[in-house]
Amino acid sequence: MTPRLWAVVALGGLVIALLVAAALLVPWHRPPAPRPDQLAALRDLPAAQVSRGRAFHAALRPGSYGALAVGLLVALVLGLTPLGARLVELGGRPFGDHWVARALVGGLAIVLVAELATLPFAAWRHTVMVKYGLSTQSWSGWGVDVLKSYAVSAVIGAVALLGFYTITRFAPRWWWAFGAAGAAGLVVLLSFVVPVLIEPVFNKFTPMEPGPQRTELMALAERDGVPVRDVLVADASRRTRAVNAYVSGLGPTRRIVVYDTLLREAPPAEVASVVAHELGHAKDRDVFTGTLIGALGAAAAVIALYVLGGWGWLLRAAGVDSMGEPRALALMVAIVSVVGLASAPVQSLVSRRVEARADQHALELTGDPATFEAMQRRLSTVNLGDPDPPRWEYLYSASHPSTVERMAAARAYARGER
Ligand SMILES: [Zn+2]
């Protein structure tokens, strides 16, 4: 068998593994959230709040979709014409066209061009957030965040680029196998290190102050049978008024984080409801599931890129000889961008199902649907949410059930529907 045939077989195996993992680990069954309850919940929300949330999202839309469109356009122009390959060559020129310089300098130049092209849209979104009072950040604070995220991308990108092109150089026929293992390993590594190395670049995390609220939350975790060392508080108020909480990390780096804004805005019972939702993520090992699916997907993507490298017309369009050379990076970015945009609805669907299960967990753990519903109303009000967003946008990009769905789920739970 040739390396190419082995690659096709391995790709088939990974796709099957991905489908099996998704079938077994994603909670496809959705807890009831009847539409009549959703409409009743919508009527119960103050009309002024609903229209303000809708106006906010309408104002954000040109920035969001403009960035998507321009990002895709830039990726396609660089990847499907020889422009991207030329940019990579240019990056290597001051260093005698050495492959390491092409991989690192040229590769990071491709990433930077794509980022810079969408920067004006990010700035536009920032002005909207300031106008609506959601952002508390000055332009300098915002600019520092942009620079920090570029720096983080550059470090991770440099490791990935250098690793990948070392492999393609020294194993020209089998790089797909080592590359797939490396990509999967990088996804797993990032899940472990993001909470301890990357999140602290943007926020300060402090253990929650000892007191009745902390005692109550730790007791809640104990009752749930989820070992939690600490609840961390993030200083989110430095950039936003929005309230939120999340779980990140794996094993020894797993943590539950609440925004300081949440502790300020919400009464203790609602904070407990939010934490109960996060405990649901921890108990159902949602970070592990996401990491496993991400790792399998990354490995499959590397092999798929190798297989696509057999399509002569793609290589000719990009003006390159093989998928494994640094000059073909823009072509890879273009393919990954198209697949990413096309698969967004599936990723959103999976995320919504996982989130609905965590909501159900919060309802069961607290046994308090009234507080859960009050918390959802507060989240939507403070975060300027659209409680019942347009169907197309919901299907394309909503990572969570809508506010009215979550309120309806609480009402169905209160009636004993499971
Ligand atoms: Zn969640």
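User: In this predicted model, which angles between helix axes count as roughly antiparallel?
Analyst: The angle is taken between N-to-C directions and runs from 0 to 180 degrees.

User: How are helix 7 and helix 11 oriented to each other?
Analyst: The axes of helix 7 (residues 175-202) and helix 11 (residues 286-308) come within 8 Å and cross at roughly 155°. Angles over 145 degrees count as roughly antiparallel. Helix 7 and helix 11 are therefore roughly antiparallel.

User: Which hand does the crossing of helix 7 and helix 11 have, and how many charged residues are in the contact?
Analyst: Helix 7 passes helix 11 in a right-handed crossing. Residues of helix 7 in the contact include Trp175, Gly179, Ala183 and Val187, and those of helix 11 include Gly294, Ala298 and Val302. By class, the contact of helix 7 with helix 11 has 13 nonpolar and four polar residues, and the number of charged ones is no residue at all.

User: How is helix 1 oriented to helix 11?
Analyst: The axes of helix 1 (residues 3-25) and helix 11 come within 9 Å, with a crossing angle of roughly 155°. That angle makes helix 1, relative to helix 11, roughly antiparallel.

User: Is the crossing of helix 1 and helix 11 left-handed or right-handed, and how many charged residues does the contact hold?
Analyst: Helix 1 and helix 11 cross in a left-handed sense. Helix 1 contributes residues including Arg4, Leu11, Leu14 and Leu18, while helix 11 contributes residues including Leu292, Leu296 and Ile303. The contact of helix 1 with helix 11 divides into 20 nonpolar residues, two polar and, as charged, one.

User: What is the orientation of helix 13 to helix 16?
Analyst: Helix 13 (residues 329-366) and helix 16 (residues 403-414) have axes that come within 11 Å and cross at roughly 40°. Angles under 35 degrees would count as roughly parallel and 65 to 115 as roughly perpendicular. Helix 13 and helix 16 are therefore oblique.

User: How many charged residues does the contact of helix 13 with helix 16 have?
Analyst: The contact is made by Asp359, Gln360, Leu363 and Glu364 of helix 13 with Arg406, Ala409, Ala410 and Tyr413 of helix 16. By class, four residues of the contact between helix 13 and helix 16 are nonpolar, one is polar, and the charged ones number three.

User: Which residues coordinate the zinc ion?
Analyst: The donor residues are spaced H-x3-H-x73-E in sequence. The donor atoms are two NE2 and an OE, at 2.0 to 2.1 Å from the zinc ion. The residues are His277, His281 and Glu355.

User: What separates His277 and His281 along helix 10?
Analyst: Both His277 and His281 are buried. They are four residues apart in helix 10 (residues 268-283), so the separation is about one helical turn.

User: Is Glu270 buried or exposed?
Analyst: Glu270 is placed in helix 10. Not counting residues up to four places away in sequence, Glu270 touches Thr371, Ala374, Met375 and Arg378. Because the relative accessibility of Glu270 is 6%, the residue counts as buried.

Note on methods:
Residues numbered from 1 in each chain as written. Predicted model: local features only at pLDDT ≥ 70, side-chain atom pairs only at ≥ 80, totals over all residues. Heavy atoms only, no water. Donors = N, O, S within 2.8 Å, 3.2 Å for Na, K, Ca; no water. Helix = DSSP H or I, 4+ residues; strand = E, 2+ residues; numbered from the N terminus. Buried < 20%, exposed > 50% of the residue type's maximum accessible area, 1.4 Å probe, protein only. Left-handed = near helix turned anticlockwise from the far one by under 90°. Contact = heavy atoms within 4.5 Å. Nonpolar A, V, L, I, M, F, W, Y, C, P; charged D, E, K, R; others polar.
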